[in-house]
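Subject: Structure for you to look at

Hello,

I am handing over a structure that is new to you. Please open it first, then read my notes below.

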Amino acid sequence: AQAESLRAALNPGRVHAPTRAIGDVLGSVVQAHARAVAACVQDERARAEVEARLLATVLPVGCRHGRLHGDFSVSNLLATDGRISGLIDWEDSLPEAPPVLDVLNHLDSVQRRCHRQSLVDTVPMLAQDRWPQADERRWLERAFVASGVADEDRPAIVMLYFLMHVGPQLAFAGAQATACRHVEPVLKQVWGR
């Protein structure tokens with residue numbers, strides 16, 4: 001509940017009307033991330049197909065925009081006396097992006113940190129609407145509704161989160177990044193490929 005309140009405070013007014021989830025600024029970032037994610041695919045012939053499918057999945061999605069923290073994970077929340085007292089690590093913040101990505105990031109980080117899961121576990125659960133914690137699932141539902149994300153576009157928003165989460169890691173560490181090992185298993189579970 002505290003994380004939800006803090007996330008809402010980042011956009012105190014109504015976020016913009018639904019539009020494409022990926023605008024001009026975010027578009028070039030997403031394309032670079034899709035290229036980096038595809039580069040993790042072992043089969044060279046499949047790389048171009050994976051990149052094209054990722055972009056075809058996420059680029060047309062509609063979603064309201066607002067302030068995005070960009071790394072709204074449990075490790076970036078400060079707490080004092082059992083209450084959230086601050087939020088650090090603003091380097092990935094964007095003024096115009098889907099705020100629902102922060103909710104996905106937070107839920108993913110809690111599950112990975114508290115339940116020792118990996119992206120191979122969490123991303124498919126999010127994309128297939130199988131999130132195990134009921135209160136967190138309700139927060140995600142509220143975030144999707146507030147963001148104007150259509151039911152059929154929710155898996156695409158999860159894949160956008162996946163790109164935005166692993167892309168920076170791959171840009172920094174490339175094929176040596178732990179996230180690179182997760183790419184093919186995540187795609188297989190989400191896409192059945």
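One term first: two residues are in contact when heavy atoms of theirs lie within 4.5 Å. Please also keep in mind that this is a predicted model.

Asn76

By that rule, Asn76 touches His69, Asp71, Gly86, Leu87, Ile88 and Asp89, leaving aside residues up to four places away in sequence. Where is Asn76 found? It sits in the loop between strand E3 (66–68) and strand E4 (77–80).

Is Asn76 buried or exposed? The cut-off for buried is under 20% relative accessible area. Asn76 has 6%, so it counts as buried.

Two of the residues it touches, Asp71 and Asp89, also come up in its polar contacts. The side chain of Asn76 reaches the backbone oxygen of Asp71 at 2.8 Å. With Asp89, the link is side chain to side chain, a polar contact of 3.4 Å.

The largest pocket

Now to the largest pocket. Its volume is about 360 Å³. Its lining is made up of 17 residues. Nearest the centre lie Gly70, Asp92, Met164, His165 and Pro168.

Which elements give two or more residues to this lining? They are helix H2 (24–38), helix H4 (100–115) and helix H7 (154–173). H7 gives the most, with five residues.

Best wishes

Key:
Residues are numbered from 1 along each chain as its sequence is written. This is a predicted model: local features need pLDDT of at least 70, side-chain atom pairs count only at pLDDT 80 or more; totals for chains, interfaces and linings use all residues. Side-chain values use heavy atoms; hydrogens and water are left out. On a 1 Å grid over the protein atoms alone, a cavity is a set of points where a 1.4 Å probe fits but cannot get out, and a pocket is an open set with protein on both sides within 12 Å along at least five of seven lines; lining residues have an atom within 4 Å of a point. Grid points are joined across faces, edges and corners, and a volume is the space filled by probe spheres set on the points. Helices (H or I, at least four residues) and strands (E, at least two) are DSSP runs, numbered from the N terminus. Buried means under 20% relative accessible area, exposed over 50%, partly exposed in between (1.4 Å probe, protein chains only). A polar contact is a pair of N or O atoms within 3.5 Å; within protein, one must be able to donate a hydrogen and the other to accept it, and residues adjacent in sequence count only if both atoms are side-chain atoms.
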